[in-house]
Amino acid sequence: MSKVKLKQPVKTVSAETNKKTERDKRNARAGKEGKHMVPEAKKHVFLPPRDAAEFSENWKRLLMVLNSKEASKNSQKLQSLPVKESHKAAQSSNEDADKTTHKDLNKRQGSKAAGTEQNGSNPKRHKTEKRKMNCSEGGQKKPTDKRKKVEEVEKKVTEADIWFDDIDPDDIEAAVGSEPADIVRKRTGVTKTDAKITESSTEQLLVKGSTCDGLTRAVAMDCEMVGVGPGGEENMLARVSIVNYFGKCVYDKYVKPTEKVTDYRTAVSGIRPADIEHGENFKIVQQEVAKILDGRILVGHAIHNDLKILLLDHPKRNTRDTQKYKPFKKIVKSGRPALKVLCREILNVKVQQGEHSSVQDAQATMRLYTLVKKKWEADLKASRVQTTSQKIPRKPRAKADSRNAPMHNADGR
């Protein structure tokens with residue numbers, strides 16, 4: 001019989017087992033030689049955190065790693081970007097400036113040290129001495145406060161800013177300053193020296209000296225009023241002034257208010273609370289004024305307003321209103337000329353420069369009247385004659401004469 005050789009099963013050995021066997025063989029050889037083999041370093045195994053402290057530590061480490069990575073990336077990007085020549089020059093100039101500043105600091109420190117050596121026993125100076133030294137070396141320091149700079153660069157007042165012309169320049173100077181007051185004086189033609197004597201000079205021009213001080217055939221009247229009611233819109237009498245034909249004041253009284261004053265109008269009227277607080281009773285003033293005006297020629301400017309506030313009436317033929325006189329209207333070229341304009345254009349006198357005075361206004365109206373009195377009265381006389389001649393006399397009705405009338409019978413015969 002033939003012998004059959006059976007194949008032995010092949011053992012499958014993995015790579016890991018091969019490695020182990022090789023390692024064992026090497027260790028055995030080393031043991032034989034008497035050498036100790038160094039054990040392989042154990043791999044560090046990261047276990048999951050268990051406590052809150054471990055969680056926070058791991059989180060902080062992660063953030064640090066991420067931040068370092070981002071910073072390195074940004075620096076790499078910046079280095080890769082192209083830099084302009086202007087930026088390079090600026091960087092080089094900054095470096096030079098830093099070098100110069102360091103040099104200056106070194107010099108200053110050296111000078112300070114030398115100064116202390118010279119002074120010897122007094123290395124520290126007083127603050128006032130240091131300020132004096134700084135002022136003498138570098139001059140006066142500029143003000144650093146912004147408010148001071150704003151005050152220095154204040155806008156100057158121009159002529160266009162001053163739109164008003166009825167306020168006394170002295171009052172403007174006291175309230176605002178000398179520059180606006182000078183502009184007003186220049187506009188009105190009044191100098192600073194003349195402003196103080198303006199009132200006395202106008203009185204000399206409007207009043208005739210060494211004349212009668214009593215009542216005359218013609219008198220001029222002017223009133224000052226204050227505001228009452230809501231907003232001070234309604235008028236109330238505050239002062240009455242009457243002058244005679246020569247401009248002399250014959251009556252001047254303040255009137256006690258009968259209602260609550262809401263607007264004294266001091267800038268125009270010149271009335272203050274102390275003036276009318278102890279004034280005369282309105283009825284007494286009304287009776288005294290009516291007695292003076294009785295049978296006399298009354299001169300005034302817009303005199304109907306003064307009579308209305310006094311609750312008085314005056315005959316039209318004895319009233320002379322400078323606002324309604326036609327020759328004055330033609331000269332000024334205005335339908336309702338102001339007293340201030342009439343005095344400036346006709347009399348060459350400046351009135352009502354500041355607070356109004358009823359005495360001065362009455363004197364001005366009387367001066368205007370006396371200037372044209374002859375012509376004014378002649379024109380009035382001629383107009384009255386003309387009106388009387390134009391009137392046709394009325395014929396009386398003819399009465400039927402009963403005697404000459406024919407008699408009729410009852411039958412009509």
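Me: Which helix gives the most to the lining of the largest cavity?
Reply: The model is a predicted one. A search of the whole structure finds one cavity of 30 Å³ or more, and about 50 Å³ of space lies in the largest cavity. Its lining includes Gln363, Met366, Arg367 and Thr370. The helix that gives the most, with four residues, is H16 (residues 358-371).

Me: How do the residues of the lining of the largest cavity divide by class?
Reply: Among the lining residues are Leu206, Lys208, Tyr245, Phe246 and Gly247. Gly counts as polar. The lining divides into four nonpolar, three polar and two charged residues.

Me: Which residues are closest to the centre of the largest pocket?
Reply: About 900 Å³ of space lies in the largest pocket. Strand S1 (218-228), strand S2 (234-243) and helix H13 (303-310) are among the elements that each supply at least two residues of its lining. Of the 34 lining residues, the closest to the centre are Cys223, Met225, Asn235, Asn305 and Asp306.

Me: Why is the pair of Tyr325 and Phe328 edge-to-face?
Reply: The structure holds five aromatic pairs. In this pair the ring centres are 4.8 Å apart and the planes stand at 80°. Planes over 60 degrees apart count as edge-to-face, so the pair of Tyr325 and Phe328 is edge-to-face.

Me: Is Trp376 buried or exposed?
Reply: Trp376 belongs to one aromatic cluster with Tyr325, Phe328 and Tyr369. The relative accessible area of Trp376 is 7%, and the cut-off for buried is under 20%. Trp376 is therefore buried.

How values were computed:
Residues numbered from 1 in each chain as written. Predicted model: local features only at pLDDT ≥ 70, side-chain atom pairs only at ≥ 80, totals over all residues. Heavy atoms only, no water. 1 Å grid on protein atoms, 1.4 Å probe; cavity = no way out; pocket = protein on both sides within 12 Å on 5 of 7 lines; lining within 4 Å. Points joined across faces, edges and corners; volume = space filled by probe spheres on them. Phe/Tyr/Trp six-rings, centres within 6.5 Å; stacked < 30°, edge-to-face > 60°. Buried < 20%, exposed > 50% of the residue type's maximum accessible area, 1.4 Å probe, protein only.
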